[in-house]
Each structure stands twice: as structure tokens, then as C-alpha cells.
Amino acid sequence: MTRTPSRHDWHAHAVTKAAALAGCTALVLALTGTGAQAHGGHLGHHPGQHRDPARQTLGANDGWASHGTGTTGGAAATAEHVHTVSDWAGFKAALADGGSAPKIIKVRGTIDAVSAGCDSLAAPGYDLDAYLEKYAPETWGLEQDLSDEPDDSPEGLRRISAANQNAAIKANVPANTTIIGIGKNAGFKGASLQIKDVDNVIVRNLTLESPLDCFPQWDPTDGDRGNWNSEYDTAVVYNSTHVWLDHNTFTDGEHPDSAAPVHFGMLYQQHDGELDIVRGADYVTASWNVFTEHDKTILIGNSDGESTAAGDRGKLKATFHHNLFSKLVERAPRVRFGQVDVYNNHFVADAGYGYSFGIGKESRLVAEHNAFTLPKGVGPAKILKRWNDFPLTARDNLVNGKRVDLIAVHNAEHPEAALRSGAGWTPALRADVDRPQAVPALVGRGAGAGRLR
């Protein structure tokens, strides 16, 4: 088990400890001093070795993304492949420049991917009122979905409109790229960053406002009442390796679910995930981010089905450390298949809280040294949710300042869905481990966009 020293100890010395990683050679686990971390980042490792944050790389032993070749992004970019952008067209042009040659893209200000609004993406003739009239449950029913509707129907026009948005807001990030915000107010609204089929990507210091699905689909057959389904993750890591997401803020921003209307008795859901890691993605580190004001937050592995399981088994390895998870409903994260290390995060719940850790098919979650702040009336048994019967490791976690055995309290309240202890592996790639008592203050000072130093 990882030794967790007090922060006072770290002023005097650094402790190194050999740790074995299953299937890999022995790695060194270094627990370093407080200086950089007190300012909200691991600047004592490789990131501190270059004055320009855009050329900083992920430090040694800093989560799964440091495995093997590590994660350097566009640090080696030549001058002609360093871009500063302030609009959506310029950003997409910078992504396309030079193919997979190392590149750095500096984002200035907030870039809106749908600055002209949803109406600019709608197919001629599309009308939400007509859509609602056509597919109202009292007339359409709940037995037949809309997949066979023709192109000139309200659903057909919605599909065309959705295709327009899909083409407009997705940005494909090439290999060997660093995307970094300049200053404290850089980011994207309405964009979906697609880190797909590539290696070696860094995304830092950005406020990422979740894309609003302008044309969500009604599915009468989803559940016993039907449901609205939306597309577009804020960021998706899809069959990609060595990805580092650091000091970003993921938020619903100006369009929280609380402001969404209700149609057919169901929330008109216009958001999907904030961060999804799927389809054989591997070696991901998410550090010092804020995930806030969202429902379906982080999904690791998108299906139980054998068609995707074959590509996910042995992959989906991700580390989450020193992140703030605030005002969320669920999936922080929900895990299938992956060896996922979640340590030194602060989870702050409100009345709408559903759960934090979803235990899914063949998941191997390790959750240690985290802090949870739960409101009155929300008990620690809600922190875990069992979707499938697979073991996890949960140790040294605090709930409202007190150490709680998360598995024991879950099992006491949900004996019909008991969870087993022991994920079967021990994380070795942890650059810094803090006492959970220190985590709320550290994360509160250091996590999120605009706090990169």
C-alpha cells in the first residue's frame, strides 16, 4: 500500500519507494515536497523543467499517462507549429496544420463553437413544436421508436439538423498535440474535443462548457415512460493512448440541467458526458481539474457488450488525482473493465447527488485517500453504486472529516447488492500522495482552469 506521509515530513526529504506494476517492470514511486503542490500543480516534476507551460510534459510516475513512453504532447513543436487562436475556425485550422507533427495550440479567450446559435444548424422546416405534436405519447404511444421515420418527417428533419451540429462542433485532436489556455479566462463553449485514434495529447488550463445538444432525440421505448437522449461529450478519449488532462474546468456553465424544460413529462436532456474514456483508450491521467454542475460526468468503458469488451479488456487504465467533483449527479467515474486509480480527490455533493463510483463489468477500481463532503440527509452509502458484481479497493477515505469504510457502509445499506473488497492490483504510478485531511484545502486552492502555475 502506498505510504501517505504528512506534508510536514516532505519539507525535509523526498521518499522513494520501489513498487511493482503487474505486467510491467518495477517503477519508482516518489513522494515529493510541498512547494509546487501547495500552488496547485505538480511543478516539481517534468512540468517544472520548462518555463513555458505550453512545453511542459507530464511528470514521471504521474498516473497511468506516464506509463511507458510518457506523455509529452506538442512539447517538441517547432516555431511554425505553435499557434495562438481566438476563434473556432482558427482553432480547427491549427489542429489540421502539419498532421501529427508536434504542435502547440494556445487558446486566447473563450471560443464559441456555435456562435450563431442552434437555429443556424437546423434543417429547413425543422420545428420543435411540430416534433412535440407528432410524437406526443398520448398519440404516438410508447411502443414504437422513431428509427423508421422518413427524412421529411419531424424526426427526419431532426436527424439532418443533428448531423449539421455533429459536423460543426466536433474537433479532432491529432497526435502529439498540446492545447493550452492562455491566462485565466480561456476555453471553449459548445465544443466537443475528439481525442480519437491518436497517441500523446495534453489538454490544460481550459474552461470547457459542455456542448448543448440543439436537437435531442425522443425515444418512446427508453424506460417505461420514454426519454430524451442527447449527444456530444465535452471531451472524449476514444481508442487513444497517453492523454493528460490537467487544470481544466468542465461545467454546464450557462445551460445547467436545472434550467432545461420538461417535455412529455421528462427532462429535455441536452447534455451527454463531460469526459468519456472509451473504445480501447488507455493510459490517461486527469489531474487538478474541476468537474461541476453535470449529470452523467465520466464514463470509462461505454458498453457491457462483447462487441466492445474485446477491445476494452486490458485497457481503459486511467488515473484521477487532485480533482474537484462538485454538484454532480453521477459517474465520477462509472467504470467498466479498466484499472482505474482515484486518489486525493474532493467530492462535494448537493441534494441532487446520485452516486460517485459506479462499479461496472470487470471494473478494477482503486479509491484511496479521497475526501467527501456530503450534505445533511445524504449518507456515505450512496458513494458506491453496484452495476455489476466486481471487486474494488476503497481505503483511507474521509466523509465529512471522518474515516469511513465505503464498502462496509454500502453493504450494510444495500445487502442485496453487496460489493467485494480487493481490486487485485496496487497502483504504482502516483507522483504525490496527500493525507485525505489535506485534500479539500489543496484541491480548493489549486484545481481548475486559471490556476496553472
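These legends describe close-up views of one predicted model. Residues are numbered from 1 along each chain as its sequence is written, and side-chain values use heavy atoms, with hydrogens and water left out. In this predicted model, local features need pLDDT of at least 70 and side-chain atom pairs count only at pLDDT 80 or more, while totals for chains, interfaces and linings use all residues.

View 1. Helices (H or I, at least four residues) and strands (E, at least two) are DSSP runs, numbered from the N terminus. The chain has 453 residues, and 56% of them are buried. Buried means under 20% relative accessible area, exposed over 50%, and partly exposed in between (1.4 Å probe, protein chains only). Take the contacts between residues at least 6 apart in sequence: 73% join residues at least 24 apart. A contact means heavy atoms within 4.5 Å.

**View 2. An open sheet of 10 strands has parallel pairing.** Its order is β3-β4-β7-β10-β15-β20-β23-β26-β29-β32. Two strands pair if DSSP finds at least two bridges between them. Strands of a sheet pair through backbone hydrogen bonds, either parallel or antiparallel. Which strands stand at the edges? They are β3 (82-85) and β32 (393-395); each has a single partner strand, so one side of each is left without a neighbour in the sheet. On average, neighbouring strands of this sheet are turned by 10° against each other, direction ignored. Helix α1 (residues 88-96) packs on the sheet and touches β3, β4 (103-107) and β7 (177-181). The direction of α1 makes about 170° with that of β4. Axes are lines fitted to C-alpha atoms, for helices over the stretch in contact; angles run from 0 to 180 degrees between N-to-C directions.

**View 3. Strand β20 (residues 282-287) is mostly covered.** Six of its six residues are buried. Strand β15 (residues 241-246) runs parallel to β20, joined by five bridges. D246 has S287 of β20 as its bridge partner. Strand β23 (residues 318-321) also runs parallel to β20, through four bridges. Here S287 stands opposite H321 in β23.

View 4. E368 has R395 in β32 as its bridge partner.

**View 5. A sheet of 10 strands with mixed pairing is also open.** The order is β5-β8-β11-β16-β21-β24-β27-β30-β33-β34. At the edges stand β5 (110-112) and β34 (402-404), each with a single partner strand, so one side of each lacks a neighbour in the sheet. The twist averages 25° from one strand to the next. Strands β21 (residues 290-296) and β24 (residues 324-330) pair in the parallel sense over five bridges. T292 has S326 in β24 as its bridge partner. Helix α7 (residues 439-446) lies across β24, β27 (346-348) and β30 (371-373). It runs at about 85° to β27.

**View 6. The largest pocket has a volume of about 370 Å³.** On a 1 Å grid over the protein atoms alone, a pocket is an open set of points with protein on both sides within 12 Å along at least five of seven lines; a cavity is a set where a 1.4 Å probe fits but cannot get out. Lining residues have an atom within 4 Å of a point. Grid points are joined across faces, edges and corners, and a volume is the space filled by probe spheres set on the points. The largest pocket is lined by 18 residues, of which E231, D233, V236, D272 and D276 are the closest to its centre. Strands β9 (192-196), β14 (235-238) and β19 (275-278) each supply at least two lining residues. The largest share, three residues, comes from β9. By class, the lining has five nonpolar, five polar and eight charged residues. Ala, Val, Leu, Ile, Met, Phe, Trp, Tyr, Cys and Pro count as nonpolar; Asp, Glu, Lys and Arg as charged; the others, Gly among them, as polar.

**View 7. The largest cavity has a volume of about 80 Å³.** Of the 13 residues that line this cavity, F325, L328, F347, Y353 and S356 are the closest to its centre. Strand β24 gives the largest share of the lining, four residues. The lining has 11 nonpolar, one polar and one charged residues.
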